[in-house]
Amino acid sequence: MIGVSAAHAHGVAEGDAQFMQQSSGMQLLPFIYLGAKHMVTGYDHLLFLLGVIFFLYRMKDISLYVTLFAVGHSTTLLYGVLSGTHVNPYLVDAIIGLSVVYKALDNLGAYKVWWGFQPNTKAAVLIFGFFHGFGLATKLQDFALPEEGLVANILAFNVGVEIGQVLALGGILIAMDFWRRHHAFAQQAFASNVLLMTAGFVLMGYQLAGYVMTF
């Protein structure tokens, strides 16, 4: 069995957590479903993805950035759980909140104003993808998962995460397409990214407060 204290078992419903801990052997379809459910309901991941695709109009560009994000979070999700590498969930989730702030500021053009150049957005999405993957891993590390069938089940969970990401992204893109056709989009884009940045700061503050409370 592998697992740590369930004190930080945020992001996974109690019934889902019980199922995962009681599952023995390969349970591919249920773990695919749970992975998809986690991503679709993972507001922190979705906020970051919203920021990433906010000003992307071509499917080629959207696919590239989403693939970079998927490579990042898949790598650390699988590594974190299967290797037993533990990271503080509060700090990781605070960095995930920071990723939302970073992308909102990027969309607002802040870095060109502050630093006089544009940081590599592809590298940023990949790097933050690594942290998002560790965020997913901490959710699973909170549970005592049976060793039997563990590798297959975690791979299935990761496949589900990717399916959930595609489904969520599809909904976001449809909504964005309608919004972009509206004449007020250009004016509303600035305020929307300010709100996105604010949400990221709230996520950061909540997680950092939780980290401080652990001492």
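**Entry 1: Asp-44**

Before looking anything up, I note my cut-off: buried means under 20% relative accessible area. The model I am working from is predicted. I started with Asp-44, which sits in helix α3. Is Asp-44 buried or exposed? Its relative accessibility is 14%, so I put Asp-44 down as buried. I then checked how far Asp-44 is from Gly-80: the two are 36 residues apart in sequence, and their C-alpha atoms are 19 Å apart in space.

**Entry 2: helix α7**

Next I went to helix α7, which runs over residues 121-141 and has 21 residues. From first C-alpha to last, α7 reaches 30 Å, close to the 30 Å expected at 1.5 Å a residue. How many residues of α7 are buried? I find 15 of the 21, and I call the helix mostly covered.

I also looked at the start of α7. There a side-chain oxygen of Asn-120 comes to within 3.0 Å of the backbone nitrogen of Lys-122.

Ala-124 is a residue of α7. With a relative accessible area of 11%, Ala-124 is buried. I followed the chain from Ala-124 to Thr-214, which is 90 residues along, and found their C-alpha atoms separated by 30 Å.

A reminder to myself for reading helices: an α-helix has 3.6 residues a turn, so residues three or four places apart point the same way.

**Entry 3: α4 against α7**

At what angle do α4 and α7 pack? Helix α4, residues 59-83, meets α7 at about 35°, and the axes are 6 Å apart. I noted the crossing of α4 past α7 as right-handed. Sorting the residues of this contact by class, I have 15 nonpolar, 10 polar and 1 charged.

**Entry 4: aromatic pairs**

I turned to the rings and found that the structure holds 13 aromatic pairs. One of them is Phe-48 with Phe-128, an edge-to-face pair at 6.0 Å centre to centre, with 65° between the planes. Which parts does this pair tie together? Phe-48 belongs to helix α3 (residues 43-53) and Phe-128 to helix α7, so the pair joins parts 80 residues apart in sequence. Phe-48 is buried at 1% relative accessibility. Phe-128 is buried too, with a relative accessible area of 11%.

Another pair I looked up is Phe-55 with Phe-185, also edge-to-face, at 6.4 Å centre to centre and 70° between the planes. Phe-55 is in the loop between α3 and α4, while Phe-185 is in helix α9 (residues 185-213), so this pair ties together parts 130 residues apart in sequence. Here I checked each partner in turn. Phe-55 is partly exposed, with a relative accessible area of 36%, whereas Phe-185 is buried at 7%.

Which residues do ring pairs link into a cluster? My list reads Phe-48, Phe-69, Tyr-102, Tyr-111, Trp-114, Trp-115, Phe-117 and Phe-128. I was pleased to meet Phe-48 and Phe-128 again in that cluster.

**Entry 5: Phe-31**

Last, I looked at Phe-31, in helix α2 (residues 28-40). Phe-31 has a relative accessible area of 3%, so I count Phe-31 as buried. How far apart in space are Phe-31 and Leu-56? They are 25 residues apart in sequence, and I get 32 Å from C-alpha to C-alpha.

Key:
Residues are numbered from 1 along each chain as its sequence is written. Side-chain values use heavy atoms; hydrogens and water are left out. Helices (H or I, at least four residues) and strands (E, at least two) are DSSP runs, numbered from the N terminus. The expected span of a helix is 1.5 Å times one less than its number of residues. Buried means under 20% relative accessible area, exposed over 50%, partly exposed in between (1.4 Å probe, protein chains only). A polar contact is a pair of N or O atoms within 3.5 Å; within protein, one must be able to donate a hydrogen and the other to accept it, and residues adjacent in sequence count only if both atoms are side-chain atoms. Axes are lines fitted to C-alpha atoms, for helices over the stretch in contact, and angles run from 0 to 180 degrees between N-to-C directions. A crossing is left-handed if the near helix is turned anticlockwise from the far one by less than a right angle, and right-handed if clockwise. Ala, Val, Leu, Ile, Met, Phe, Trp, Tyr, Cys and Pro count as nonpolar, Asp, Glu, Lys and Arg as charged, and the others, Gly among them, as polar. Rings of Phe, Tyr and Trp (its six-membered ring) pair if their centres lie within 6.5 Å; planes under 30 degrees apart count as stacked, over 60 as edge-to-face and the rest as tilted.
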